[in-house]
Amino acid sequence: MDTSTNPIEQLIDLSTGYLRSAALHAAAHLRLADLLADGPRSADDMAAEAGLNGPHLARLLRYLAAHGVFRQEEDGRFALTPMAQLLREDVPVSMRAYVDVHGNEIFWRSAAGLSEAIRTGGNPFEDEYGMPFYQYLFANRELGAQFDTSMASFSEALSDQVAGAYDFGSARSVVDVGGGRGGQLRAILRRNAHLEGTLLDLEPVVAGHVLDVPELAGRWRAVGGDFFSAVPEGGDVYILKHVLASWPDDKCVEIMEVCRRAMPDDGRLLMVNALVPEGNDPHPSKTVDMTMLTVLNGKGRTQAEYEELMRKAGLAPGEVHHVSPHAAIIEATKG
């Protein structure tokens, strides 16, 4: 019987969705996909190598196979699927770190406060932990480093798409503001041999940058700093990729004002974020918006909402380049 359109079954499925998340996080944390890199294996065989409980592991893999993450063969062994391949540590675009860190209790406990947040308008993470999310990561550097790695893995595939979607031909220099470890800047510099680039983020973050590769020698610098205070001056193009969604409106305006002050008169600012579409269709930005609501005190925004923030910061919105469901580029100049 097909239950996919039965409202009762749909509600039951939605109400127990946390089990899918928990199972997926367990698979990532235990590195189960790596155990299957050489081909199908039985759960008992995998458990013996990894020091796990075989019967429990078999039930976990069977459950995830029902959702397409793994596949159970006719002989009972388990194998990788395209999704499971992304949970391997040694693949070019690994999502293991991203999935693993989002299974941390800080996300679960924050999500548990959603109903109270809807009632009060507060932020569940700050109510639970007594400080903003990024301040907490700064105080807990092991978790902070894991989070930085997870975001780098999420951005890796997207970075080259963003770099290829915008014409940097007339620019000489690029400043990636809040650019994490520099994956986006690295992709831009690789595609544009004439450019020089500057990476700005907090000191512990830029300390783990990925820019020191032979092909980019002499064309970059990494600067530790706070983008609420100042950013390097004189760049032709400034980039805010996946930054503004993490902050409330007033803080977004502050960040863009700091960038505007650093820009020359003919400089450009590129806001790179997912845009929330109208209508009822599923979209990644709507899921991200729930993370922003529960954890970061930020929000997902429509194109019109981002453009209004730009105007408040003294910027004039320009062309929009739709890259993927996870990123669109809105260009802005000094108003």
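Is Arg31 buried, exposed or partly exposed? With a relative accessible area of 37%, Arg31 comes out as partly exposed (buried is under 20% relative accessible area, exposed is over 50%, and partly exposed falls in between, using a 1.4 Å probe and protein chains only). The model is a predicted one, so local features need pLDDT of at least 70 and side-chain atom pairs count only at pLDDT 80 or more, while totals for chains, interfaces and linings use all residues. Residues are numbered from 1 along each chain as its sequence is written, and side-chain values use heavy atoms, with hydrogens and water left out.

On the whole-chain level, there are 17 helices and nine strands (DSSP runs numbered from the N terminus: H or I with at least four residues for helices, E with at least two for strands). The chain is as compact as a globular protein of its length, because its radius of gyration of 22 Å is close to the 20 Å that the globule rule gives for 335 residues (taken over C-alpha atoms, the rule being 2.2 Å times the number of residues to the power 0.38). The C-alpha trace spans about 65 × 50 × 40 Å along its principal axes. Of the 335 residues, 43% are buried. Among contacts (heavy atoms within 4.5 Å) with a separation of 6 or more, 62% join residues 24 or more positions apart.

As for the surface, its accessible area is about 16,800 Å², and carbon and sulfur atoms hold 52% of that (Shrake-Rupley method with a 1.4 Å probe).

Most residues other than glycine have a negative phi. Arg31, however, has a positive phi near 55°, and sits in the loop between helix H2 (17-29) and helix H3 (32-35). Asn297 also has a positive phi, near 65°; its loop runs between helix H16 (284-296) and helix H17 (303-312). At 34% relative accessibility, Asn297 is partly exposed.

Finally, the cysteines. The structure has zero disulfides (a disulfide being a pair of cysteine sulfur atoms within 2.5 Å). The closest cysteine sulfur to that of Cys252 belongs to Cys259 and is 11 Å away, so it is too far for a bond. Cys252 is buried, at 0% relative accessibility, and Cys259 is buried at 0% relative accessibility.
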